[in-house]
Amino acid sequence: MTTIPRWISGPVPGENPQNGPHSVYAEYEVPLDASLLRSASFESALLAAHAKVLAALSGEREVTTGYVAVKGQPPVARRMLVGPGSWRQLLAMTDLADEVGGADEPPYETVLDPHGVELADDGAVLYVSVGERTLRLRHRTDVLDTEAAARIAGYHLTALSLMAADPDADHEGQSLLSGAELAFQLDGLAGPERELPDRRVHELFEERVRKHPDAVAAVQGGTEWTYRQLNSRANQVGRALLARGLAREGVVAVVTERNLDWMAAVLGVLKAGGVYLPVEPHFPAGRITATLTRAECAFVVTEHGSTTTLDATGTDVPRLYVDEIGVEGHADDDLGVRVTADQLAYIYFTSGSTGEPKGAMCEHAGFVNHVLAKLEDLEVGEGQTVAQTAPQCFDISLWQLVSALLVGGRTLLVGQDVILDVARFVDTIVDGGVNVLQIVPSYLEAVLAELEQRPRELPDLHCVSVTGEAVKRELVQRWFAAQPGIRVANAYGLTETSDDTNHEVMDRVPDGPRVPLGRPVRNVRVYVVDEHLSPVPLGAPGEIVFSGVCVGRGYVNDPERTAAAFTLDPYRPGERLYRSGDHGRWLPDGRLEFLGRRDTQVKLRGFRIEIGEIENALLRAPGVRDGAVVVVRGARLVAFCTGAELVDVQARLAESLPAYMVPAAVHWRERLPLTPNGKTDRRTLTALAEELDTAEEGVRGPETAGERRLAAAWADVLGVPADRIGRLDHFFDRGGTSLSAVRLAIALDRAITLKDVIRHPVLADLAELLESPAATA
């Protein structure tokens, strides 16, 4: 069935349609050109135009409509393919459209009647007919308002006019949008224009150092650094890099833990005119080697205690130890190195579908624009505290690290050990006076579970931002039920677009089934387009693309993948445009809504993952002949392999991939299922993976009361039916993570701890601990 979107209602500035009656059905009429009506092929042309409009509205090439072929007779369903080609070819294809019958209910929501006879109401959302020299639309007002009906009528007229003007023109290269709608999408939906200061992030920080040098800038555990201390350390790092010969836009990898020295190292690299490249010290040696090599890294800034994996890479990139910087005797005043707005600021590597990560390059202008957008929209001001919680390889870590420093606030570095203990995390946020916090939705759920069990005040917190994965409306609803005075900001963006491009700041539960992505932030343009980069009708699904200062330079030393994703904005001469691969639509009020992806890229726990990268690593494992990876219930990676089963695949993958990219389960098969065109049938594999979550036949289910209680808790946190959990199941093999283990402890009222789950991951063993006198006391 071709569904008329429920979201296309809403006015377009510059258009002034007639007002229809406020009733279940309303009518809208527009005049038809007499020359079109006199055409012998008018009925065929109208059907082709209708098909073109439905394809544009639905985002699908195959569309179905009810069609009144014989005057006075009820409509029959016509299925039409709107393929590439000319208008003449589209006419031919619609003339050959199939009739669809046999269904209990009509498989259509639209009806086209070229004869103009009023028929009994058949429940159609949209009834298009021809009146006396008019095109008449009868529409259900609960689905389409008058403005939407006016636009749809206009699309029909435009298609008819284009068809008549040049039937041999490529219909896919011609837009149905009116001039007013096109202008509204290109300009009216853009973020607000703000003049950027002619200073970089580190220079705005230096201004604050001069204003209040002795104010606290950063806190980690019991250690505080003032603005003066942080700036002094960063200046020494910058001078040490320059003394070693760092060139303009020289890439500097920072391989440290998330600590105060990391903060100084990042600022030092920027001050010296270098490019910050984050590398987590615990990443596999192969991953670190690939990152340093691809980025042509000039120097590594590291610390003693963070070099074990780095040493294993065997790379000879010169190192600077930040914890020894004081003994080198460098001056600690500002460097004064000229850094331009179009200069590279940082490179973040994300998962790549070819099997090799890709490094997104972003410039200083995009960096400072994003940080200022965060300060503006999340209302971060002088004296306020921003929590730094994200890992270094997650691009949100950067704004968390530096934003407060630009307004005279402070950054609170929250350690990973604290994050893994939700109760301690909440205490840290309260004790640290955190005003703005950004976390992934799955962790917000854990925090909320803790607050629901042990309610407490969060007196300083005024905004929680969620990002990295889709946030469910139910989670927002629960948050406002527990903390009605603390706003929630849904943040959306990509590494290639200097991080977040859209903010939806909420003080109540949003209307509609999904939480919107919100409006574009300052100086950012977002378009929703078809495959030819033409904006689709308002409310219709399309690819989300970005233009403006946010768009990065491309992928480092990777021209092929850069060319595939980055291009010039056809509507803004000289501006870059980034094709995200995300699909979304505009809501009537100008907010963006996310609909998903159409490739193999997914986000799990905030990390962007290319399934293809895992599959390439899988195929390199000895004994693996073929392989595929699927996502089960949106939260768990499962691999399928064919071959000799000679190797521990998970252990082999862990040698080259971060832990979050290693599948939780590996299943061996004689062959992988194929689609009719010979491709791996991922839909079948996903269904099979879900079936295999069931305890294997012959595996014993929970036996004791403690095992049954624990199985029920596992089911809740892992998203697996309780009857599919066996007593010998391994928590982490079933898709558990450290975060879900924390949630398990909360669900069991802290009768167990995270360490208990790590030490006793098998259900029966953990249940025995749960039933012990110490646990039940």
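Reader: Which residues is leucine 451 in contact with, leaving aside its neighbours within four places in sequence?
Author: Leucine 451 is in contact with Val426, Arg456, Leu458, Trp479 and Gln483, once neighbours within four places in sequence are left aside. Contact here means heavy atoms within 4.5 Å. The model is a predicted one, and leucine 451 belongs to helix α15, residues 441-453.

Reader: Is leucine 451 buried or exposed, and how do you know?
Author: The relative accessible area of leucine 451 is 4%. Buried means under 20%, so leucine 451 is called buried.

Reader: How far is leucine 451 from cysteine 297 in space?
Author: The two C-alpha atoms are 44 Å apart, and 154 residues separate leucine 451 and cysteine 297 in sequence.

Reader: How many disulfides does a search of the whole structure find?
Author: The search finds zero disulfides. A disulfide is a covalent bond between the sulfur atoms of two cysteines.

Reader: How do you know that cysteine 362 is in no disulfide?
Author: The nearest cysteine sulfur to that of cysteine 362 belongs to cysteine 550 and is 8.9 Å away. A disulfide needs a pair of cysteine sulfur atoms within 2.5 Å, so cysteine 362 is in no disulfide. Cysteine 550 is in no disulfide either, its nearest cysteine sulfur being that of cysteine 362, at 8.9 Å.

Reader: Why is cysteine 362 counted as buried, and what is the relative accessible area of cysteine 550?
Author: Cysteine 362 has 0% relative accessibility and therefore counts as buried. Cysteine 550 has a relative accessible area of 2% and is buried as well. The cut-off for both is under 20%.

Reader: What makes helix α6 largely enclosed by the rest of the structure?
Author: Helix α6 covers residues 201-211, and eight of its 11 residues are buried, so the helix is called largely enclosed. The buried residues are Val201, His202, Glu203, Leu204, Phe205, Glu206, Arg208 and Val209.

Reader: What covers the buried residues of α6?
Author: The cover includes four helices: α7 (227-243), α8 (260-271), α11 (364-377) and α12 (396-402).

Reader: Why is arginine 133 called exposed?
Author: Its relative accessible area is 55%. Exposed means over 50%, so arginine 133 is exposed. Arginine 133 sits in the loop between β6 (126-130) and β7, and its phi is near 60°, a positive value in a residue other than glycine.

Reader: What is the phi of asparagine 557, and is asparagine 557 buried or partly exposed?
Author: Phi of asparagine 557 is near 50°, also positive in a residue other than glycine. The relative accessible area of asparagine 557 is 37%, so the residue is partly exposed. Asparagine 557 is part of the loop between β25 (554-555) and α17 (559-565).

Reader: Why does aspartate 145 count as partly exposed?
Author: Aspartate 145 has 22% relative accessibility. Buried would need a value under 20% and exposed a value over 50%, so aspartate 145 counts as partly exposed. Aspartate 145 is in the loop between β7 (134-140) and α4 (146-165).

Reader: Where is aspartate 648?
Author: Aspartate 648 is in the loop between β32 (636-643) and α19 (649-654). With 48% relative accessibility, aspartate 648 counts as partly exposed, because exposed means over 50%. The C-alpha atoms of aspartate 648 and valine 666 are 9.3 Å apart, and the two residues are 18 apart along the chain.

Reader: What makes the radius of gyration of the protein agree with that of a compact globule?
Author: For 777 residues, a compact globule would have a radius of gyration near 28 Å, and the protein has 29 Å, so the value agrees. The C-alpha trace spans about 90 × 70 × 50 Å along its principal axes.

Reader: How many helices and strands does the protein have, and what percentage of its residues count as buried?
Author: The protein has 25 helices and 33 strands. Of its 777 residues, 57% count as buried.

Terms used: Residues numbered from 1 in each chain as written. Predicted model: local features only at pLDDT ≥ 70, side-chain atom pairs only at ≥ 80, totals over all residues. Heavy atoms only, no water. Helix = DSSP H or I, 4+ residues; strand = E, 2+ residues; numbered from the N terminus. Rg over C-alpha atoms; globule rule 2.2 N^0.38 Å. Buried < 20%, exposed > 50% of the residue type's maximum accessible area, 1.4 Å probe, protein only.
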